[in-house]
Structure formats: C-alpha cells, structure tokens
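Please look through the structure before reading the points below.

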Amino acid sequence: MIYLRNVSLSFLDKKLFDNINWTIHPKSRIGLVGDNGTGKTTLFRVILEQVHADSGLIDIPDRRQKKFGYLPQDLVELDPVNLIDFLKKKSGIAALEESIKTLEHQMSQTKQHSPEYNQIAKAYSTEMAQFNAQDGYAFEARAKQILKGFGFKENDFTRNCALFSGGWKMRILLASILLARPDIVLLDEPTNHLDTESMEWLESYLKDYPGTIIVISHDRFFLDKISTQIAELSACQIHIYKGNYSYYLNEKEKRHAALRKEQELQKAQIKKIEEFVERFRYKATKASQVQSRVKMLEKFDAIKLDAKTKAVTMKFPEGKKSAREVVKVTDLSHSYGSLNVITNFNFTLFRGDKVAFVGVNGSGKSTLSRLLSLNEQPSAGLIQYGNDVNMAFFSQESSQNLNYEKTIWEEVSSVPSHASDQEKRNLLGAFLFSGDDIFKPVSVLSGGEKSRIALLKLLLLDTNFLILDEPTNHLDLKTKDVFQDALINYSGTVAIVSHDRYFLDRLANKVFELRSGELHYYSGNYSYFIEKRSELISAEEVQLRHDEKEQAFKTKEQKRQEAEERNKLAKIKNTWKKELSAIEKTIKLLEIKKGEHETSLCDPQTHKDSLKIKTISKELNNINSELEDSYSIWTELHAKLEQLDAANPNSSL
C-alpha cells in the first residue's frame, strides 16, 4: 500500500499539490495523466523521497523492505561495463555472487564446526537463499529473453553500455528494472524510445507482473493495454477513474457534464436566495428569515469547474494540387559502408495518401524518409517526383528542423511564406508562444516546444507533400490530437514514421512495413496492419514448422538411406576381405609347395630317377601358374578395397 495524506507542494509561486489524498493498493495498474507542468514526474519523485513535500505524509508500510524500480524520462548515462555485467550489478545479482564467493573462500579457510565457521555458514545459507529467490542461476537466460524483447541482438550482450545511443541506454535501464523484479514500478514515459514490437512485448510482459505499476505516458494504446485505473493530476488534485484510458475519457466527460449541471442548479438556488434577501432585507417581520438565508449563503461551497487550459490550434493551408503520382520509387537501395539498409524497394505514393512507415528500430524507416525527402542520395535506384509536388520534411532530430542560434521569432521569420508578421504572431500565439516568449533562443526550449515550433514552420509553407519522421515524440496528448486532426484534414499527401499506434490508427490509410530487409504493403489503417501481420506471422510460423518437420523427415530418410548404403558397402567390403584372406592362405600354401618342389629338384637322389624329375617339374609348373593367378586376384581385391576406402573417407566401414 502507498498512502498519500494531505500532501502539498509548491515551487516558488506555483502550487503543484494541494492536500492530495490518494491510496494506492498492491498490484495496481495505474496510468498517471495530466497536462504538461501539472507535476506528474514530481509526484513520482515525492513517492521516491527524492523531493520532500511542504506538508502531508507519504506512508509506505515496510518501505525499507520494499524494492522500487524507477525509469526517469530524461536520458541517463550507464557504467562503462558490458551489458550483461551491468544488468547483474543493477539487479543485485553481481553483489550476491561476490558475497557467496567470499563466504565460500572463508569457509574453506576456517575450521569446521567452530563458532566462526558456523557463523560464516549461516551467512552463506542466507545469501544462497537470496540468490535462489532472485533466480540467480537463470539470471542470464532471463536477461537475454528481456533484452531480445527490447530488440537487442546476440552480439549486443557483450557490448560496452557506454557505447549505446541514448534511446538504447533507456531500454537497458528498463530491462534492469524488470530483471530486479521490484515491488513498486514507476515508469515515466517508457515507450518514448521503443519501437512497435518492443512496446507490444512490454505490454505483454507487464500484463502478468506481480507488483504495483504506475505509468506516466502519452501513448493511448499503451495506457489502454496496461492500466486498470487512471489517476488524473489537475487543479493540484488527484482524480481517480476505475478503468483504462478510453474509459477515463468517457467518464471524465460524464463527470464534467454532471458537475456543470450541478453548478447551474447551485447558481439558480443562490440567485433565488439572494433575491429573497434583497426583497425582504428591510422588513422587520422577515428579519429572522433573511438572516437564516444569509447564513445559508455563507455555507455554500461554490462548485468550480476545472479551468480549461489553452490548447494549440492547427490547420494546414490549402496547397497547390499535385500530380496523381506524387513520388515513384524504383529499385531503391542504400548502404552505409558494408551495411545494407534498403534493398530494391519499389512503390508509388499517390495524391491524398496517408502512408505510415513502420518497423523495428534499425529497419531503415528514418533512412527511407531522408531518401524520400532528398536529404540523402541513394546508393542505387530512382526517386521520381511528380509535377507540382511541394515537399516539406520534419526530421526526428530537432537540430535539423531548427537553428538553435536563432530566437523563436527569427526562426519563424526565416520561413519563406506569404503570411504577414501579424499572421505569424497570431500563429505563434495559437502555438502557446506569446508576448516576450517569442524572443527566447530556440536552444533553451523544451523538447515539446521545439517540436511545436518545427510544426509551426511547416504550417507556414505552401506544401502538398509532408514527410514526417517521429513528429509526435515530444507532444502531449492534447497537442497530438490537434496535430492528428490537422493531418487528417490536410488535402495533400503524408508519409509518416511514428511509433504512436493510436496516432497512426486514425491517420494512415496505407502501411508499409520494413521487415527483414523487405517492404511489405498493407492497404488499411494501423489496426488492419496489426491484424494482417499477425495472420502473416502465424502462417509463416506454420510454414516454418511444416518445413522443419519435412526437413526432419528428409533427414531421417537420408539417414536411413545412408545406413543402408553403409551396410551394403560393409557387406561388399567384408566379402572382399574374406576373399582376400582366402587367397592369401592359398598363396601361402602354394609358396610352401613351390619351395618343397624346388628343394626336391635340387636333391641328387631325385636326379637318379628321371620319371620323378618329370613329375615334380610338371607339378611345379602347375603351382607357378596357380600362384600367378592368385597374385592377380590378390592385387585386384586389394585395389578394390583401397578404392572403396578412398570413396568413403568418413565412413566407419
């Protein structure tokens, strides 16, 4: 449980919290929402005791035994160690491993059954219990599973954390939080640096998470999937809605309507009482009744509606009509050194298309947007613009959209536009830049303010084709809605790279997915793409399993055939070996007989008997003839065996 009791906090003359009371139950799934500047991040820091409230109490029973996980919105720096070692350190596994190793060494150096040994053994048992409780032996496997969920590759696991870009560092920090399995998880804009697949994986992972989760996010889909309760921070108070973000929007409107009706009834009642007091104020007979009504007026607690915050207003001007074929891409390829990012892409964007480019980080979406905007030249292929196409490009790198050395007014004035200075000032006011604000340097603006200025510059241009690379990254929900409506009503063509699924769902009528180096086309909005992609992936998985089974069957059949062939060859070889052995015995016997006959012919007694000489000579000729045949057979058999062994060098014949 987390109890907030009468919590108040102010910074200088700005009040953030005014006697906030809020009870957060274990295993809650809460989306913390509110306009920029209402204090959402500060509330996280108050819960974590990084900021102390002016008054009130934050009570978390057994706080010291609770484990917290906090993902800040701002980019972080990580220790310059390899990725797996960093995760071990952050989760506490590295410290446990070192402690266990030290205790094992101490036990080996201490006499068994001594008091000192027993004390060390007890500490060792405690550390091992903690190590097992944290699933220490399976830590690396779990770490790799989570890292892969966030889009890391196998060769990233041993990379130095300091070498990753800012967005990937935030993913590493988020992975370390999940691996530590904290009791209370506070996530401040966790989806800012995640692609669609990583967001879907995180949603699935958090769905069954056993601890308490509180999330600040501008991603509606994410809040709808994760949250079972929305806490809105507005007018220095917390307002609780028991449901997801979509429920909150509907319920908030209902509450506002009911409160407005109640306010009107109260105003009518007050007016009626005031009229009675005014009418009978000077009549002595009505004095007591007048006093009673005056006291009644004093007791009224006036119903106040939340003051409506000023919203950005946005509308793209009508541009000149372009050709039907806005841009045609033919055999487009692009590489950075030996890294092939885009290979043989072919597609055409037509007038009025609202096209979303989606895919995992590193798939080439931003590269494609830069190529389409002609800010980069392709390695191969053609990009052909149609007649009368006026293009404008919004880069996710704000430094490419804005000159940081200029003031807001100078930056807006630098845009070639037919708008007068007064019209530009009016537009700046609509984008919440008024008075002396317009003379602020661009360099001191927040991410959201820089995005608004960059979008404002687009509005001043005469365009009919917009290429937008992550334009919503720093926009709050209200500004995103206004921008989305402006794009929906834009008569020109839009090609957009974005991870904001709700934004794309209402805007896009075509989706191009960059996956595995190929471009996949879906004729529909984002929801249609998700549905069809799931079907496609399922079909691919079914085909893969079929291919694996077929390959397994082929392998089994091949093994059987190979075994039969080996058996056949073994039988042949054994037959030849037996024949070779027999012929060698025959040769041996014949050579013995030949020797005996030759010895006999050399005997003087034999020479005395001419018939005997004749007989021995005849037999010797037969033996020599038989030996010659036997030698030929032996040579032939030996050659066959050598050829068989040479043809099957890896065989165990």
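The count comes to two cavities of 30 Å³ or more. The model is predicted.

**The largest cavity**

- About 70 Å³ of space lies in the largest cavity.
- Its lining is made up of Leu-71, Pro-72, Gln-73, Met-170, Arg-171, Leu-174, Asp-188, Glu-189, Pro-190, Asn-192, His-193 and Leu-194.
- Helix α6, which covers residues 166-180, gives the most to this lining, with three residues.
- By class, the lining of the largest cavity holds six nonpolar, three polar and three charged residues.

**The second largest cavity**

- The second largest cavity holds about 50 Å³ of space.
- The residues that line the second largest cavity are His-218, Arg-220, Leu-477, Lys-480, Asp-481, Gln-484, Asp-500, Tyr-502 and Phe-503.
- Two helices, α16 (477-488) and α17 (501-507), each supply at least two residues of the lining of the second largest cavity.
- The element that gives the most to this lining is α16, with four residues.
- Sorted by class, the lining of the second largest cavity has four charged, three nonpolar and two polar residues.

**A buried residue in a strand**

- Gln-229 belongs to strand β8, which covers residues 229-234.
- Is Gln-229 buried or exposed? Gln-229 has a relative accessible area of 9%, and buried means under 20%, so Gln-229 counts as buried.
- Leaving aside neighbours within four places in sequence, Gln-229 is in contact with Trp-22, Arg-29, Ile-30 and Gly-31, and also with Ile-240, Tyr-241, Lys-242 and Gly-243.

**Residues with a positive phi**

- Asn-344 is a residue other than glycine with a positive phi, near 55 degrees.
- Asn-344 has its place in strand β11, residues 339-350.
- Leu-374 is not a glycine, yet its phi is positive, at about 65 degrees.
- Where is Leu-374 found? Leu-374 is in the loop between α11 (365-372) and β13 (380-385).
- Leu-374 has a relative accessible area of 46%. Under 20% would be buried and over 50% would be exposed, so Leu-374 is classed as partly exposed.

Terms used:
Residues are numbered from 1 along each chain as its sequence is written. This is a predicted model: local features need pLDDT of at least 70, side-chain atom pairs count only at pLDDT 80 or more; totals for chains, interfaces and linings use all residues. Side-chain values use heavy atoms; hydrogens and water are left out. On a 1 Å grid over the protein atoms alone, a cavity is a set of points where a 1.4 Å probe fits but cannot get out, and a pocket is an open set with protein on both sides within 12 Å along at least five of seven lines; lining residues have an atom within 4 Å of a point. Grid points are joined across faces, edges and corners, and a volume is the space filled by probe spheres set on the points. Ala, Val, Leu, Ile, Met, Phe, Trp, Tyr, Cys and Pro count as nonpolar, Asp, Glu, Lys and Arg as charged, and the others, Gly among them, as polar. Buried means under 20% relative accessible area, exposed over 50%, partly exposed in between (1.4 Å probe, protein chains only). Contact means heavy atoms within 4.5 Å.
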